[in-house]
Amino acid sequence: MSQDSSKQLGSEWGYRAFYLLIRLGGYRAAYALLHIVCACYVLFWPQVRRSCVPYLTHRFPHSVGFTRLWQQYKMVDSFGQTMVDRAIVGSLGAEQIHVSLQGRQQLLKVRDQGRGMILLMSHVGSWQLAMSAMGALNEPIHMVMHGHASSFERHDYEQDSGEVKQEAPYRVIDPQGYLGGAFEMLGVLKQGGILSVMGDRVPEHEKNCLQVAFLGRQVSLPMSAYHLASSTGVPLVVLTSRKCSATSYEMVVADVINVPEGLGRRPEVFVPYAQRYAEILEKYCQEHPYQFFNFFNMWK
Amino acid sequence: MTLKEQIKQILIEDLNLEDITAEEIADDEPLFGEGLGLDSLDAVELAVLVQKNFGVEIKDMEEGRPALQSVQALAQFIEEKQGK
């Protein structure tokens, strides 16, 4: 599977079947079907198994045979659950899934500094559902997201859910816009606003990236968040999300990284900060090995 | 040093443009894409440098797009903002 995993797993009729099952039988029925579907994908679709291999061979380097097959199933099923959960919220309402926020006080403290912030997200847990926890900020969040994804993704986090007390509007900045949306992003941060970017995938054709160690080998991570933070003096808030139970997620403020201002343009100056992020991600993979959803080879 | 020469010096030194001298940057050469080949991160850095060195803010894309077309355009933008 490519980086855009969610769109490649399943067809239109498959999604419709799940939506119908959710309406008729709730999440239990949907999960029951999901487990069977995922088992079939893993058993009979080699491409699905192969997509899990790069990550699993680094996370579980000594696993072979049936153990590896079970890990592949767990990873695919775990990802499938996040998609079903999003469908549940879309079909039955946000109250079906509870989203909590760990590190609320730390997050609010950063907000109250008035400098703005960059939320550094990752493809773990269900960042789409967990984003609703950002309603705690009571401020608009500008998400850097490709335009074709926005309509697919937006309904999840526009729903009221979990601990959201007030509606938090979201804006989308398309990085395929003029100069990668650079001026929009700068404009948000200069006004003390909140920007949200993904930190674990380098966009296609992007040459500005950093080499850091992750699960034993070097991977490339995008540089833009750290450069933006240094250019504007804005803190980076590293967020992770995890599925805690069938009906609950938790968004976690994993760290606040203050990149010194005025570091310039050279990639090497940002490596220590990206490495810090990679270490958070690695710790996450140790604790929640099947909720890491990069189904491609990060290490090539 | 003229304003255009200052801008070219900033491009070379602060944006780490290698294998090029200020004399080789034409005043009307496109800064982004074809031409000098700067990218979005360079745009961010350049906006910060313009403010730092000349006290001029590029507020948004509406200002940035014409201002960052070339060294000539940027110099003109800075002069207009400085009221010269």
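Predicted model: local features only at pLDDT ≥ 70, side-chain atom pairs only at ≥ 80, totals over all residues.

Colleague: How many residues of chain A are in contact with chain B?

Modeller: 17 residues of chain A are in contact with 16 residues of chain B.

Colleague: Which element gives the largest share of chain A's side?

Modeller: That is α8(A), with 5 residues. Both α8 (182-190) and α9 (224-232) of chain A supply at least two residues each.

Colleague: And how does that side divide into nonpolar, polar and charged?

Modeller: On chain A's side, 7 are nonpolar, 7 polar and 3 charged.

Colleague: Back to α8(A). Why is it described as largely enclosed?

Modeller: Because 8 of its 9 residues are buried, α8(A) is largely enclosed by the rest of the structure. The buried ones run A182(A), F183(A), E184(A), M185(A), L186(A), G187(A), V188(A) and L189(A).

Colleague: What comes just after α8(A)?

Modeller: G192(A), which takes a positive phi of about 75°.

Colleague: New topic. What are the confidence numbers for chain B?

Modeller: Chain B averages a pLDDT of 91, and 99% of its residues score at least 70. Confidence is lowest in α3(B), at a mean of 90. The highest is helix α4 (residues 71-81) of chain B, at 95.

Colleague: What does the model score for ipTM and pTM?

Modeller: ipTM is 0.89 and pTM is 0.90.

Conventions. Residues numbered from 1 in each chain as written. Chains lettered and ligands numbered in written order. Contact = placed C-beta atoms within 7 Å. Helix = DSSP H or I, 4+ residues; strand = E, 2+ residues; numbered from the N terminus. Nonpolar A, V, L, I, M, F, W, Y, C, P; charged D, E, K, R; others polar. Buried ≥ 20, exposed ≤ 12 C-beta atoms within 10 Å, placed from the backbone. pLDDT = per-residue confidence, 0-100.
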